[in-house]
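Student: I'd like to take a close look at one part of this protein with you. Could you walk me through it and then show me how it fits with the rest?

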Amino acid sequence: MTIWGSSNMDKREEEKRRKAQERLEKEMLRTQAMRVYEEQYKESRAVCGIDEAGRGPLAGPVVAGAVILPKDDMILYLNDSKKLSPKKREELYDEIMGRAVSVGVGIVSHERIDEINILQATYEAMRQAIGNLSVEPDILLNDAVTIPGIDIPQVPIVKGDARSVSIAAASIIAKVTRDRLMTAYEEEFPGYDFASNKGYGTKSHITGLKELGASPIHRRTFIGKFVQ
């Protein structure tokens, strides 16, 4: 009886290992497919992915990430940050920070967004992120946009955060950075559920906005239909 049970357990363990290996191989293929642009520009010294987080919220800053990944080091599970769980984003954030050639972050405040509009503020955050890199890139892979005021060659890629590992990494850096800021703001400005909604216009956020009025970090140009 013990031998039969042990044999059966061994078969289950072997099946688990086989399925885990299949999942790993599938992920390696998916990640390799997301390196198509990096391979296209592999002769470049430093390829940098650019993305942002926070264009749509009613409150808080817009944040941009710029990431130069090593050419010979594959980080698995990189993807559009919105497709990843918060836990997975945090894990990948640490991995990117530990393994990237260089990471830059740009943060543009809600006041500046109101002053120059969200699109221009996004470009400003992206320029900041590029300027904060420790290595100057010689080509930029951008998520769908062309950034004005930048002399470095740019390649705008539609849905780039799901098609390029560099842009995906930048999207994770931007998203985690901004989420952490908004979670901290929850303690400073309670009543809007910032830790949960990260400034987006959820029901609880709008309820808080109508009851409490605007907080110091709300974007006045975004909330006109909710408060005077």
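Student: Is S81 buried or exposed, and what is its relative accessible area?

Tutor: Happy to take that one, bearing in mind that we are looking at a predicted model. S81 is buried, because its relative accessible area is 5%, and the cut-off for buried is under 20%. Once neighbours within four places in sequence are set aside, the contacts of S81 are R89, S171, I172 and K175.

From there, let's turn to the largest pocket. Its volume is about 290 Å³. Of the 18 residues lining this pocket, D51, E52, K82, D143 and D161 are the closest to its centre. Two elements, β1 (47-53) and α6 (165-188), each give two or more residues to the lining, and α6 has the largest share, with four residues. By residue class, the lining of the largest pocket is made up of 10 charged, five nonpolar and three polar residues.

Now for the nonpolar side of the picture. In soluble globular proteins, nonpolar side chains tend to be buried together. Here the largest nonpolar core holds 22 residues, and C48, I50, V62, I130, L140 and I147 have the most contacts inside it. Elements giving two or more residues to this core are β1, β2 and α5 (118-131), with α5 giving the most, seven residues. Another core, of 17 residues, lies apart from that one and includes M34, L78, V165 and A169. Going back to L140, and leaving out neighbours within four places in sequence, we find it in contact with C48, I50, I130, I150, I152, P153, Q154 and V155.

β2 (residues 62-68) pairs with β3 in the antiparallel sense, over seven bridges; one of the pairings joins A66 to its bridge partner G104 in β3. In a regular strand the side chains alternate between the two faces of the sheet.

How values were computed
Residues numbered from 1 in each chain as written. Predicted model: local features only at pLDDT ≥ 70, side-chain atom pairs only at ≥ 80, totals over all residues. Heavy atoms only, no water. Pairing = 2+ DSSP bridges. 1 Å grid on protein atoms, 1.4 Å probe; cavity = no way out; pocket = protein on both sides within 12 Å on 5 of 7 lines; lining within 4 Å. Points joined across faces, edges and corners; volume = space filled by probe spheres on them. Nonpolar A, V, L, I, M, F, W, Y, C, P; charged D, E, K, R; others polar. Core = buried A, V, L, I, M, F, W, Y, C linked by side-chain atoms within 4.5 Å. Buried < 20%, exposed > 50% of the residue type's maximum accessible area, 1.4 Å probe, protein only. Contact = heavy atoms within 4.5 Å.
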